[in-house]
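This briefing covers a two-chain model, topic by topic. Please keep the sequence and the structure at hand while reading.

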Amino acid sequence: MSDKKKFKGLSDKAVAWLFIGPSVFLLLAINIYPLIYAIRMSFTNFYANKIGREPQFVGLKNYIKVLNKEAIWEKMQVTANFMFWTLLLQAVIGLGLALLLNRKFKGNELLTTLIVLPMMLSPAVVGVFWTYLYNPQVGLFNYVVNFFYDFGSFDMIGSSELAPWSIVIVDTWMWTPFTMLICLAGLRSVPNYLYEAAEVDRASKWQQFIYITLPSVLPFLLLALLFRGIENFKMFDMVVELTSGGPGSATELASINLKREAFEKWKTGYSSAFAVILFVTIFGFGNVYVKVMNKIKER
Amino acid sequence: MDTSRSYLEPSSFSKKLAATIIIVYTVITLIPISWMVMTSFKNVNSAISYPPEVLFEPSLEGYVNLFTNRSRQSQEYLDSLPAPETWYEELVRSREMVITGPSKFLGRYSNSMIIGFGSTFASVFLGALAAYAFSRFRVPLKDDLLFFILSTRMFPPIAVAVPIFIMYRKLGLGDTHLGMIILYTVVNLSLAVWLLKGFMDEIPKEYEEAAMIDGYSRLQAFFKVVLPQAMTGIAATAIFCMIFSWNEYAFAVLLTQFNAQTAPPFIPTIIGEGGLDWPAIGAGTTLFLLPVMIFTIILRKHLLRGITFGAVRK
């Protein structure tokens, strides 16, 4: 595609820049510039609510403060637990549902659509209405659980042992369909002839599953988990409305803590350093994960 | 996309078993949503009865409470008022209250609409332009640019919220519709470019080349030939952008307060006497979730395709 002027109007090069320019400009202005700004602020003692005061350069002080703070590591632990359980449950249930939906039964398209509904909803609003379901006096969730086994009165949101599970349950309810859909796409991409060949070779159903189905769907599952992992590392809205990080800090995920430091205590410099650390963590883990994923794909 | 089954025909028993498990799961997963819709039609007392009432006398109290502000009055004062003119006034009076004015819900809801449609249009339009260029032209550093566009999605919103807050304050965009439209447009842009590039790649180059030989310029060919061809992809992308903007919470709660705040930060704040007003919250939630659910069901083909698209093409 050389720039020969054989057609009328703008050259291809001009059109290309005209088309890409606005998007790149907006991303630079609203995404990259704020990020650089945040990195710059992370080296200062800036407070966004004190306008008149000139921020001073403090070097790596903020970073050292963040990394030495016991509480930060607790939040990271809470985030890690949340991610571990949500990803595990969503992988197992999502894959299971995808395998079931992949048998051609009548009406499975409609059922797929209905199952997908929760992930289309607003996480914050979902968080609010689950506080009602979890209500220890009148909640439907508590009623149903007690209907099957009488635990007596329990408070999913108010007790520090149960609260971490309350957010895992809601997230799993909401996002299992996502893993399911991606796995389903994976299952449908397996060519039929692989199974036909396996039948000819007298492979059992189980062997077909282990040697054909699982390896083909695994890259898709891993990809779904990457997306969910990134999202849950950033998790904010649903949990804020459900437990607001409590009781105490039992469900205070990294993002919620970041919001408190940045928008309640207005420690802009300190919170920017924390934000940069979180960002680098996502990027680092994401990159390593993608490398591992590609290795698995190649096999 | 080939949607034909990759499994050999399963036995009828295994099909039935699979269908049963899926139906049970579907029912369980829909209970929370149905419960919220049911709650919106309860009155305040039946919403907090235990055991939870499955059968109840329907009431529009939740919806009335959602749309109005009310204040409690003494019986003597209520008796001194002229008879209520409308059914909802009567309902409020029966709770020994009077309506003092409309609530903020309608304003928040229309903010959600304005910001949602505005940003969806902008991100799909800009995304389509960029996607076309990436799909057709040799762009220097193409892969780097594409990765850069995607990586902007990895930022935690809170991490950039403070700088955007400060920037918007300086530019006078804080708590404005325009500011939020620009912000959501940018957040959606990376997804729009990636999704639409996939769809554009599928449209044969020959189409617009034929049009250009017939005397169209590149721009005309893009608008008159390529865009109509990409309509499915544009629809799928638009739904995703709309759902994101409609549901977004973190930026809305941090960057807006009075003028441009959308519904998600407002719904949790609906408080009745002695705690949260569950029927009103149910009503707000129902009205807020309804468009998305209808959208999802009507446009399911495009949607499901859009979700799996990224995965299928790596």
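Helix H9 of chain B is mostly covered, with 22 of its 26 residues buried. Buried here means that 20 or more other C-beta atoms lie within 10 Å of a residue's own, exposed means 12 or fewer, and partly exposed is in between, with C-beta atoms placed from the backbone. Helices (H or I, at least four residues) and strands (E, at least two) are DSSP runs, numbered from the N terminus.

The model is predicted: local features need pLDDT of at least 70, side-chain atom pairs count only at pLDDT 80 or more, and totals for chains, interfaces and linings use all residues. Residues are numbered from 1 along each chain as its sequence is written, while chains are lettered from A and ligands numbered from 1 in the order in which they are written.

- H9(B) covers residues 177–202. At 1.5 Å a residue (taken times one less than the number of residues), its 26 residues should span 38 Å, and the end C-alpha atoms are 36 Å apart, which agrees.
- H9(B) bends by about 40° at B:Asn188, where the bend is the angle between axes fitted to the seven residues ending there and the seven starting there.
- The loop between helix H8 (157–171) and H9 of chain B contains B:Asp175. The phi of B:Asp175 is positive, near 55°, and this residue is not a glycine.
- B:Asp175 counts as partly exposed because it has 16 C-beta neighbours inside 10 Å.

**Strands S1 and S2 of chain B**

- Strand S1 (residues 68–72) of chain B pairs with S2(B) in the antiparallel sense, over 5 bridges; pairing requires that DSSP finds at least two bridges between the strands.
- Across this pairing, B:Ser71 stands opposite B:Val98 in S2(B), and B:Asn69 stands opposite B:Gly101 in S2(B).
- Strand S2 comprises residues 97–102 of chain B; the number buried among its 6 residues is 0, so S2(B) lies largely in the open.
- S1(B) has 5 residues, of which the number buried is 0, so S1(B) also lies largely in the open.

**Chain B as a whole**

- Chain B has 16 helices and 4 strands. Its radius of gyration is 25 Å, well over the 20 Å that the globule rule gives for 314 residues, so chain B is more spread out than a compact globule.
- The radius of gyration is taken over C-alpha atoms, and the globule rule is 2.2 Å times the number of residues to the power 0.38.
- The C-alpha trace of chain B spans about 85 × 65 × 40 Å along its principal axes.
- Of the 314 residues in chain B, 42% are buried.
- Among contacts in chain B between residues at least 6 apart in sequence, 77% join residues at least 24 apart. Two residues are in contact if their C-beta atoms, placed from the backbone, lie within 7 Å.
- Helix H16 (residues 300–312) of chain B includes B:Arg300, which is partly exposed with 16 C-beta neighbours inside 10 Å.
- B:Arg300 is 44 residues from B:Thr256 in sequence, and the two are 32 Å apart in space, C-alpha to C-alpha.

**Chain A as a whole**

- Chain A has 12 helices and 0 strands. The radius of gyration of chain A is 25 Å, against the 19 Å that the globule rule gives for 299 residues; the value is well over the rule, so chain A is more spread out than a compact globule.
- Along its principal axes, the C-alpha trace of chain A spans about 80 × 75 × 35 Å.
- Buried residues account for 44% of the 299 residues in chain A.
- For contacts in chain A between residues at least 6 apart in sequence, 69% join residues at least 24 apart.
- A:Ser244 sits in the loop between helix H10 (237–242) and helix H11 (254–264) of chain A. Although A:Ser244 is not a glycine, it has a positive phi of about 40°.
- Most residues other than glycine have a negative phi.
- A:Ser244 is partly exposed, with 16 other C-beta atoms within 10 Å.

**The interface between the chains**

- In chain B, 84 residues are in contact with 84 residues of chain A.
- Helix H1 (residues 12–40) of chain B gives the most to the side of chain B that touches chain A, with 15 residues.
- That side of chain B has 64 nonpolar, 15 polar and 5 charged residues. Ala, Val, Leu, Ile, Met, Phe, Trp, Tyr, Cys and Pro count as nonpolar, Asp, Glu, Lys and Arg as charged, and the others, Gly among them, as polar.
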